[in-house]
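Take a walk through this structure, one contact at a time.

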Number of protein chains: 4
Amino acid sequence: MRQPLDATARGVYTIAATPFTEAGEIDWASVDSLADFYLRCGVDGLTVLGMMGEAPKLGDGEAEELARAFLRRVDGRVPVVVGVSSAGTANLVRLARAATEAGAAGVMIAPPTGLRTESQIVAYFDEVIAELGDIPVVYQDYPQATGAHISAQAFLRIVDAHPSVVMFKHEDCPGLRKLSQLRRSCDGGKRRYVSILVGNGGLYVPQELARGADGVMTGFAYPEMLVAVCRLFAAGRGEEAEDLYDVYLPLVRHEQQPGFGLTVRKEILRRRGAIRCAALRKPGPSLDAEDLRELEALIARLDRRRGERGGRGDERELAVA
Amino acid sequence: MRQPLDATARGVYTIAATPFTEAGEIDWASVDSLADFYLRCGVDGLTVLGMMGEAPKLGDGEAEELARAFLRRVDGRVPVVVGVSSAGTANLVRLARAATEAGAAGVMIAPPTGLRTESQIVAYFDEVIAELGDIPVVYQDYPQATGAHISAQAFLRIVDAHPSVVMFKHEDCPGLRKLSQLRRSCDGGKRRYVSILVGNGGLYVPQELARGADGVMTGFAYPEMLVAVCRLFAAGRGEEAEDLYDVYLPLVRHEQQPGFGLTVRKEILRRRGAIRCAALRKPGPSLDAEDLRELEALIARLDRRRGERGGRGDERELAVA
Amino acid sequence: MRQPLDATARGVYTIAATPFTEAGEIDWASVDSLADFYLRCGVDGLTVLGMMGEAPKLGDGEAEELARAFLRRVDGRVPVVVGVSSAGTANLVRLARAATEAGAAGVMIAPPTGLRTESQIVAYFDEVIAELGDIPVVYQDYPQATGAHISAQAFLRIVDAHPSVVMFKHEDCPGLRKLSQLRRSCDGGKRRYVSILVGNGGLYVPQELARGADGVMTGFAYPEMLVAVCRLFAAGRGEEAEDLYDVYLPLVRHEQQPGFGLTVRKEILRRRGAIRCAALRKPGPSLDAEDLRELEALIARLDRRRGERGGRGDERELAVA
Amino acid sequence: MRQPLDATARGVYTIAATPFTEAGEIDWASVDSLADFYLRCGVDGLTVLGMMGEAPKLGDGEAEELARAFLRRVDGRVPVVVGVSSAGTANLVRLARAATEAGAAGVMIAPPTGLRTESQIVAYFDEVIAELGDIPVVYQDYPQATGAHISAQAFLRIVDAHPSVVMFKHEDCPGLRKLSQLRRSCDGGKRRYVSILVGNGGLYVPQELARGADGVMTGFAYPEMLVAVCRLFAAGRGEEAEDLYDVYLPLVRHEQQPGFGLTVRKEILRRRGAIRCAALRKPGPSLDAEDLRELEALIARLDRRRGERGGRGDERELAVA
């Protein structure tokens, strides 16, 4: 049933939001509707318990239960990656094993805060992967949040040492050149291929696909656009893909604001019927009247732009075609 | 001749790049052509020696000379703000006085790194402004670079204590709500008005203008677009303004990449004939063949989009109209 | 049984280490022996689940169980404070309530990472304390770890708004002047008294006591020295106190190295029979042969110095006298 | 005249303070008296324009002039290292050449802020050293200030590529293990020897000397103690050295407080007659009445301890013997 993650992974792995009720409890019904929504959008995979999924605010038990709930609902239709980053290796390994047993295709790991040199990062992954066995691993390169900066060169030491590292979640910024370096180094020829999916809220997707990224791993609230963009790119229709992307860019940019953007994202997901309540778990920002008016204006503009593109059809149809 | 900066300042204050030769010397001829270029674009003011102007890489003498060169060429046609931030107050004051004597309309100051609390920031400005006398001051709020975070509330203590602080350069991110708070607090009614110009590479300009920003202070390589956007907004034609802005957004976003983006910006300025050489002074990144292809593709797309908008005319004409 | 924490708290609240087995499991037998050890050293209170207690590496269930185990063993003989800092308020509140029900005297809270301005910190405590009700709270001021910097002035806003905040755990560095400001402001006259205990590994204890600190909250492996120092100070024998302190200062300094120092501390606790195994839970440093030789040399020097002081007796006896 | 710096450098290279008048001007007479003071203390070398020398607050011209003034007064009696770290390579190279021509033995360089990976640091030194030619270079490893973290392994790449890098100024913290790794790797056998001098305010000197450091480069206000400690260590009398060191440790620790400590240091230098005014250039802290009482108490305690050691003589005599 489980679809194991490997280096051939490509397309859109949506970072799943974690839906809460107004009272701050996990909204289990919305977990199901959200999973359904993502699948209807045509995503190629799901990533749950990402930083954008408010994972650090969940209890251990909740986190595991949430992973199971998503896995149950997705039911093997697409691979599910589970974020397991943790300050402690024991917690990380426990969650990774539980998720894998429940059907996760792989786990995503960011270096914990406090690692300062590339050598320390490499040593950390040596230690962790020794305990994970052959569970497929996504390396999350998000130094803006972790403070752990790694060069392409040092990441290759991890690739060479650990066959289970099959994917690089790219969100260093600026990071376009690093992406190119990694793509050339892990080309399936002189070194094994590694899948590269990009994050950063999707802010550079067309440029990153042109540089050889295999897809996108982010939580943008219109995943069908990303799906369509990836498919058009794969079909050699890059200019069309970028035309479509640019229509959504104002919202991509608006959602990409660190911290605040997640509130925007959840509000859009709520308006699209994917979840019932947009609230973040505390502590977290919320949208005031001005924020909402601003968002509504951006959505109205998007709708108008999509209308103008008319004949080219709805991205969701394109995505699921 | 000098146009003194005050709280009525609005529109586009371009952060001027510092042109260098391949050998890393200031390219004085390009300083002139760049100033001319900015003026032709219709900017309302110029800011020289900003962080994006590579100010920290200049010697003291060079910095002063560069400010004079820009001031001479601009010759009072628009106000010129000079960035004077420095680790030492004596250096800051010396440059501020020299710039003011040479005709600068005001100076821009960011808190030096090492200030941690809002109280420390407020105390720092007390100390510095005591020495600057009545030289008009722009507070640069760029915590991503300085590490000095200030709330709207604490900035108001500076406003209330120092009439010479006439402008807030807004580039905290996410910072839209802070902008709104400041706008409401410094509304010219219950408290004196303060001009708010926005930075962050221009990534949120339409939203910021809608929230009451008075203009933009950034170095985007197509300043005429920002000029046109500000004028359309001021004329109550916000939707048109945002339509125009969105055409350029892919490049705004590309240029806004921290560090790398300045290389992109200077290359565009070079291609537009504003400067002769795009090189950054060392240490600094440069564009490789792939970066250049990527940039060319983005420019080609922009040109196509501008062509499609056709009847609406060239932004530069709009700007200077 | 529970001794509720209030602003009269003083003396030494030891930050309890968390003992693990070589395999990384909590060593419950050592929890008991460690609690006994601290009590024999004459400490005035215990703080469990501090950052130095490796709290972030525990699972939720483990954390709660560990707090209960310490509380059970201490059995009301001294107050126990439980560290409950968490990225999510729900987790924080859940642990705070569980700890309080199990007999904790109060909880310690550091602002979560990501709060940047003093206003944000104050707002965070407003939100959290609203949910905690009247559970006594220790504010942990440790900006080196949290990135959340607060001035004395802003902390007073918390003091004035929330009577349940009874203690300030001081470990900003440099922070001596802030300590003095707080002491003067919370003097029990113009404003209610707040207990100030100092951390930073104890590196500045004599100076901090002289400035009005009420005691020490740190995990130094010779707590009896800190107990004796506090008592001598309280008895007006400050010079003697500092003489005693200085004998241990080489080890205080050695243990205070961020990260590495905890490994040293646990090794000393092991050698003193307080715990069975000095290992940190992964990821974490360990001592190599050279580190051990170095530590042994420092301990030998300490023993010699204590011997030379001879007639003044053993600190433990002094402490428990 | 110039004593060129090479890997045989050892002993105490004092980081020279920069004396200012109350008005914030460089106090040139105190530059001379301070140089004389350091020489009387028996230091083996001087480092001027270090971060602790308030170098970032000097103008370019002042910096060069200050270096010349120290060089003139020292007049070749000991080697003088000049700190030349700068955001811009051109400024760095200009100062390095001027200092070398004026007789400096070498230059000290810390990576500029903004370098994130070890690869970037290595590339930066490649670029800079290519311009410096054979000017001897000290690598300053002070990540707490620069944010540039480097492992022993990556530093060895610099050592292997650049024969002009002759010294490693060690002040990573915790950094004892890195020091040992470097010592073993640069042992003069399998790889050329590199001199290692330690900083961090001298807080770990005995441990660092025991691990193979060649000396100390810090600005502690009693340099004669460090000189005596280094000589005793070199003479195989490590325990005596540490006994002496421990007498001063309370003040070493007090002076080592980041930022604040420099104020303490200059006040001690003033009291010792080395400079006329203890003021830091703005912005910077100053000592209030409580700070002064505290410092006086610490100095009185030191004098008493030195008196008790009696027969062992004055450190300055020991140092210059």
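D291(D) and R211(C) form a salt bridge, with their closest N and O atoms 2.7 Å apart. A salt bridge here is a side-chain nitrogen of Lys or Arg within 4 Å of a carboxyl oxygen of Asp or Glu. This pair crosses between chains: D291(D) sits in helix 12 (residues 289-309) of chain D, and R211(C) in the loop between helix 8 (205-210) and strand 8 (215-216) of chain C. Helices (H or I, at least four residues) and strands (E, at least two) are DSSP runs, numbered from the N terminus. Both D291(D) and R211(C) are buried. Buried means under 20% relative accessible area, exposed over 50%, and partly exposed in between (1.4 Å probe, protein chains only).

The model is predicted: local features need pLDDT of at least 70, side-chain atom pairs count only at pLDDT 80 or more, and totals for chains, interfaces and linings use all residues. Residues are numbered from 1 along each chain as its sequence is written, chains are lettered from A and ligands numbered from 1 in the order in which they are written, and side-chain values use heavy atoms, leaving out hydrogens and water.

E239(C) and R301(D) form another salt bridge, at 2.8 Å between the closest N and O atoms. It runs from helix 10 (residues 238-255) of chain C to helix 12 of chain D. E239(C) is partly exposed, at 42% relative accessible area. R301(D) is buried, at 5%.

Over all chains, the structure holds 141 salt bridges. How many lie between chain B and chain A? The count there is 24. One of them joins R211(B) and E290(A), at 3.7 Å from N to O.

Now look at that interface as a whole. In contact (heavy atoms within 4.5 Å) are 34 residues of chain B and 34 residues of chain A. R177(B), R253(B) and R301(B) supply 22% of the area that chain B buries against chain A, more than any other three residues. Buried area is the accessible area (1.4 Å probe) that two parts lose on being put together, summed over both.

Finally, turn to the nonpolar cores. Such a core is a set of buried Ala, Val, Leu, Ile, Met, Phe, Trp, Tyr and Cys residues joined through side-chain atoms within 4.5 Å. The largest has 202 residues, and L132(B) is among the members that touch the most others. A second, separate core of 199 residues includes I109(C) and Y38(D).
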